[in-house]
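Let's read a structure together, one feature at a time. Have the sequence and the model open beside you.

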Amino acid sequence: MARVARRYAVNANLIFKWLRDPRYAPDPALVAPPSEEARFLPVEIVAQTRSVPAAPAAENHIEIELAGGHRMRISGSYDPEALARLIRGLSL
């Protein structure tokens, strides 16, 4: 909550107040049911990464550069839907 408040230059206490205020509650008839797809994923950010020896490119090799200079490398088989959810979660 604090990160969102800082991003929009709003006091975090104000956001909590809005969440409790019934005037700002969404109309239940207009809100879609919660998606099974939306989940928090465990992520660990490390200060330094170990250098991995260069290997020949795998058939299923993806490298994604994220904001802040971070890179994500995926090699071998993977679940495309899980990868898409992970990328969406990291790009927020």
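**Reading a hairpin**

In the hairpin of β1 and β2, five residues lie between the strands, and glycine 68 there takes a positive phi near 80°. This is a predicted model, where local features need pLDDT of at least 70, side-chain atom pairs count only at pLDDT 80 or more, and totals for chains, interfaces and linings use all residues. Residues are numbered from 1 along each chain as its sequence is written, and side-chain values use heavy atoms, with hydrogens and water left out.

Q: In what sense do β1 and β2 pair, and over how many bridges?
A: Strands are DSSP runs of E, at least two residues, numbered from the N terminus (helices: H or I, at least four), and two strands pair if DSSP finds at least two bridges between them. Here β1 and β2 pair in the antiparallel sense over five bridges. Isoleucine 64 has methionine 72 in β2 as its bridge partner.

Q: Which residues of β2 are on the covered face, and which on the uncovered one?
A: In a regular strand, side chains alternate between the two faces of the sheet. In β2, Met72 and Ile74 form the covered face, while Arg71, Arg73 and Ser75 form the uncovered one.

Q: Which side chains meet in a salt bridge?
A: Side chains of opposite charge can pair when their charged atoms come close. The rule asks for a side-chain nitrogen of Lys or Arg within 4 Å of a carboxyl oxygen of Asp or Glu. Arginine 73 and glutamate 63 meet this way at 3.4 Å, N to O. The pair links strand β2 (residues 71–75) to strand β1 (residues 61–65), 10 residues apart.

Q: Why does arginine 73 count as exposed?
A: Buried means under 20% relative accessible area, exposed over 50%, and partly exposed in between (1.4 Å probe, protein chains only). Arginine 73 counts as exposed because its relative accessibility is 55%, whereas glutamate 63, at 44%, counts as partly exposed.
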